[in-house]
Amino acid sequence: MGRSVSLWIFLCLSVFLKPFPRTPTPIVDKHGVTIGILAGRAEDAEWPLLHLQACELLNSCRTMCTPRKGKQRVHCRGAFIALRCGVSHGGGQPQPQNLENTPADARVLEELNSHPFFKRIAGFATGMSSGA
Amino acid sequence: MATWAPKLYQYYAEKLGQLYARDPCLTRIFPNSIFSATSYNLGPRTACFKHTDFANLPFGLCSITALGSYDPSKGGHLVLWQCKLVVEFPPGSTILIASGIVAHSNVPVEANKTRYSVAHYSAGALFRWVENNFSRSVDFLANQSDKEVLAVQVRDSLRWAMGLSLLPVFKP
């Protein structure tokens, strides 16, 4: 009897503790062509915790990177610090190159890129599976 | 992207794969990612102005992930201007959009809240570089015969149709 009650409580709790079901939804134009996908998030029990850690990391990064002055503070995208990394081409680059950063920004980026949340995001966006 | 736009994914994998194979100096930040560049927006209340990412592949998709602590019904919405859509964007979730052709922006979050975002994307010029046999368009075309230049012009004129064919179509 005790066992069945605790099992019942467990089942009830598991319904609430389960990540809210998220159905990926495409955005299509009038011809039905997909121009966007609302992907939601991975069904991953660690997601909320990793998200919280990633937020704290992003918040601390703001003071760790090279300070922005004047026009760098408000750029064409908005009024926030944006850190870029990876491979790019265009904007005067004669060939595809790794994006360059100041030593301080590079250190911050290394920390961000090695965090499991951002690794999983990269995989999730690529496959839209758990991405681990 | 692989699940929802497999043909587009294949195109990215093929072209960018050739790029990385050709130049080992180019680093892949995330080996599990199909995107070549990443941008972290540090907020603390990240809200993008209305913009279109013209440097991205026009028929490509980029990925945006929102983070932070905010009520998605009161702020942080993604606005897709041409679509006349305002989409709730809960923290921790990801949206893929054709950022190269659809103007987009964010609604600010409430005053005491935080919002960060991470974007993954691939510059359109990377694909052009590979298709131009790993050279700039001017150098590539200078080394082609008249007949070959004509073939390139035909290819380019069909490029938009080719790009659209990579995107999945959902008919109601």
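A residue is called buried if 20 or more other C-beta atoms lie within 10 Å of its own, exposed if 12 or fewer do, and partly exposed in between, with the C-beta atoms placed from the backbone. This is a predicted model, in which local features need pLDDT of at least 70 and side-chain atom pairs count only at pLDDT 80 or more, whereas totals for chains, interfaces and linings use all residues. Residues are numbered from 1 along each chain as its sequence is written, and chains are lettered from A in the order in which they are written.

Helices (H or I, at least four residues) and strands (E, at least two) are DSSP runs, numbered from the N terminus. In helix α4(A), 9 of the 12 residues are buried, among them F117(A), F118(A), I121(A) and F124(A). These buried residues pack against α2 and α3 of chain A, and also against β2, β5 and β7 of chain B.

The loop between β4 and β5 of chain B holds P90(B), which is partly exposed because 15 other C-beta atoms lie within 10 Å. The C-alpha atoms of P90(B) and S117(B) are separated by 11 Å, although the two are 27 residues apart along the chain.

Terms used. Contact = placed C-beta atoms within 7 Å.
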